Amino acid sequence: MLTNFILLAQNMHSPPGFLIIPFLLLIGMIAAGPIFFGHFWEHNYKKVAVVLGLTVLGYYLFALQDVHMPIHTFFEYASFAILLSSLYIAAGGIYININANATPAMNVALVAIGAVLANIVGTTGASLLLIRPFIRLNVHRIKPYQIVFFIFIVSNAGGLLTPLGDPPLFIGFLKGVPFFWTLQHLFMPWILAIAILCFVFYLVDRRNKVAYTPRPEIVAKNEERTEFYISGKRNLFWLAIIIGAIFLDPNVIEGLPHIAYDGNKFSFLREIIQLTAAFFCFRFSSKTALAGNQFNFHPILEVIFLFFGIFFTMMPALQLSAEIASAPQYAKYITPNFLYWATGSLSGFLDNAPTYANFLSLGMAKYDMAQNSVVEVRQFATGTGTDPITLILLEAISLASVLFGAFTYIGNGPNFMVKAIAESAGIKMPSFFGYVIRYSIPFLLPVLILIWFLVVQLRLF
């Protein structure tokens with residue numbers, strides 16, 4: 001059986017416990033660096049991430065003489081980084097301006113649109129497309145809480161319906177979770193989360209009447225008409241190509257060119273198409289749109305370098321956690337409730353993409369299944385394996401990794417980018433712990449508890 005062979009190979013090259021130190025060190029520096037040693041971190045985060053990632057990679061290749069895990073990790077990281085980069089470039093060339101009064105209803109409508117859009121262009125793409133128009137719309141009454149709710153809704157919870165939406169779900173898709181699985185199983189929790197967050201945002205925004213006056217251009221026209229202006233529409237064509245290429249999965253469509261290794265088919269055609277589209281997208285982008293968005297590559301380069309370190313340093317953590325979960329004395333603790341809160345806690349304070357991968361490995365190992373087998377990941381996702389409860393386990397992991405990603409600035413990639421854009425616009429954003437204490441705990445945590453109680457505990461949806 002392929003699963004037994006893979007698990008045997010993993011056990012033969014079992015990494016030592018101390019090899020998880022680079023992973024913990026990198027995650028700790030991502031959390032503490034911008035706060036406690038910002039100047040050093042800003043100038044050296046690339047070196048730190050690459051050195052730590054290469055250290056673990058070198059140990060696998062030369063000390064453990066194991067190429068199995070590094071090859072799988074490389075292909076997953078490449079697909080992940082290329083998709084995010086392509087979406088970032090495409091979104092950067094589309095400039096949106098909204099000519100309207102920033103009423104609470106208008107703000108809620110805009111973030112609700114962003115929540116839908118996040119499932120098409122990703123939380124990163126939707127955040128980058130809408131955060132600057134959102135700030136410009138509210139320029140006369142902008143407050144930090146508005147940016148925080150934007151992060152809650154557009155940068156995180158909105159992307160729950162498709163693998164395009166949020167990095168954890170895309171990792172699941174790469175590993176074998178069917179593309180429409182999220183839409184089928186997470187639609188009602190998405191509706192619930194977005195509706196509650198939008199309602200709370202509306203109530204809070206209604207209290208913001210400081211310096212509230214209609215925008216001058218609206219007064220000049222003596223009308224209350226809402227107008228949208230979009231520059232860089234040509235990028236929508238390239239954006240459609242980038243998104244459409246995601247469906248070119250050799251594990252789903254027979255006959256596509258691929259690289260075969262260890263029973264899996266790794267795509268390269270999809271990535272070539274996305275990179276080509278991104279190149280032409282940037283090459284022929286509207287200069288006006290790029291200037292209006294103040295486009296530069298710094299935010300996406302930060303994501304690419306940090307995730308290089310994260311993907312490769314987390315390899316031993318994935319293997320060691322799988323061994324623990326597969327042990328009979330620990331397997332009984334791998335329940336939907338445990339996975340929801342454990343995945344959520346780590347997703348909020350670490351990063352939700354590797355956390356998703358880690359707990360997917362944990363949940364599958366309990367049933368003697370391997371997360372690097374596409375066939376078994378599909379069985380786990382559909383409940384057609386050894387136990388139908390695996391479907392519920394994956395729902396708990398998916399919900400927690402996406403929704404809890406909004407709990408801190410470091411929970412999900414777009415969070416920090418939105419924060420940086422807001423601060424560059426002169427908005428005084430709360431500190432790391434101020435964000436958690438003033439916003440996440442009183443506003444987001446009750447929603448997370450309600451989702452857990454209704455979806456995971458009572459199984460109402």
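A residue counts as buried when its relative accessible area is under 20%, as exposed when that area is over 50%, and as partly exposed in between. By this rule Cys 198, at 8% relative accessibility, is buried, and the rule is used for the other residues described below. The structure is a predicted model, and its protein chain contains 21 helices together with four strands. For a chain of 461 residues, a compact globule would have a radius of gyration near 23 Å, and the 22 Å of the protein chain agrees with this.

**The chain as a whole**

- Taken along the principal axes, the box filled by the C-alpha atoms of the protein chain is roughly 75 × 50 × 45 Å.
- Buried residues make up 59% of the 461 residues of the protein chain.
- If one looks at contacts in the protein chain between residues at least 6 apart in sequence, 80% of them join residues that are at least 24 apart.
- The protein chain has an accessible surface of about 18600 Å², and carbon and sulfur atoms account for 70% of that surface.
- There are 26 positive and 21 negative side chains in the protein chain, and a distance of 12 Å lies between the centres of these two sets.

**Cysteines**

- The structure holds zero disulfides.
- Cys 281 has a relative accessibility of 0% and is therefore buried, and Cys 198, with its 8%, is likewise on the buried side of the cut-off.

**Helix 7 and the residue after it**

- Helix 7, which covers residues 167-175, is mostly covered, with nine of its nine residues buried.
- Gly 176, which comes just after helix 7, takes a positive phi of about 130 degrees.

**Loop residues with a positive phi**

- Most residues other than glycine have a negative phi.
- Gln 65 is not a glycine, yet it has a positive phi of about 50 degrees, and its place is the loop between helix 3 (38-63) and helix 4 (68-92).
- With a relative accessibility of 62%, which is over the 50% cut-off, Gln 65 counts as exposed.
- Asp 368 is also not a glycine and has a positive phi, here of about 60 degrees, and this residue is found in the loop that runs between helix 17 (352-365) and helix 18 (374-382).
- Asp 368 has a relative accessible area of 35%, so it counts as partly exposed.

- Tyr 145 belongs to helix 6, residues 144-153, and it is buried because its relative accessible area is 11%, a value under the 20% cut-off.
- Once neighbours within four places in sequence are left aside, the residues in contact with Tyr 145 are Phe 201, Val 204, Asp 205, Asn 208 and Tyr 439.
- Although Tyr 145 and Pro 430 are 285 residues apart in sequence, their C-alpha atoms are 9.0 Å apart in space.
- Val 204, one of the contacts of Tyr 145, is part of helix 8, which spans residues 181-206.
- Not counting residues up to four places away in sequence, Val 204 touches Phe 443 as well as Tyr 145.
- Between the C-alpha atoms of Val 204 and Ala 31, which are 173 residues apart along the chain, the separation is 29 Å.

**Val 456 in helix 21**

- Val 456 is located in helix 21, residues 432-457, and its relative accessibility of 8% means that it counts as buried.
- With residues up to four places away in sequence not counted, Val 456 touches Pro 336, Asn 337, Tyr 340, Ala 396 and Ile 451.
- Val 456 and Leu 393 are 63 residues apart along the chain, and their C-alpha atoms are separated by 8.8 Å.

**Glu 323 in helix 14**

- Glu 323 lies in helix 14, which is made up of residues 315-326, and at 27% relative accessibility this residue counts as partly exposed.
- The C-alpha atoms of Glu 323 and Ile 82 are 31 Å apart, and these two residues are 241 residues apart along the chain.

Terms used:
Residues numbered from 1 in each chain as written. Heavy atoms only, no water. Helix = DSSP H or I, 4+ residues; strand = E, 2+ residues; numbered from the N terminus. Rg over C-alpha atoms; globule rule 2.2 N^0.38 Å. Buried < 20%, exposed > 50% of the residue type's maximum accessible area, 1.4 Å probe, protein only. Contact = heavy atoms within 4.5 Å. Areas by Shrake-Rupley, 256 points an atom, 1.4 Å probe, with all protein chains shown as cover. Lys, Arg positive; Asp, Glu negative; His and termini not counted. Charge placed at Lys NZ, Arg CZ, Asp CG, Glu CD. Disulfide = S-S within 2.5 Å.
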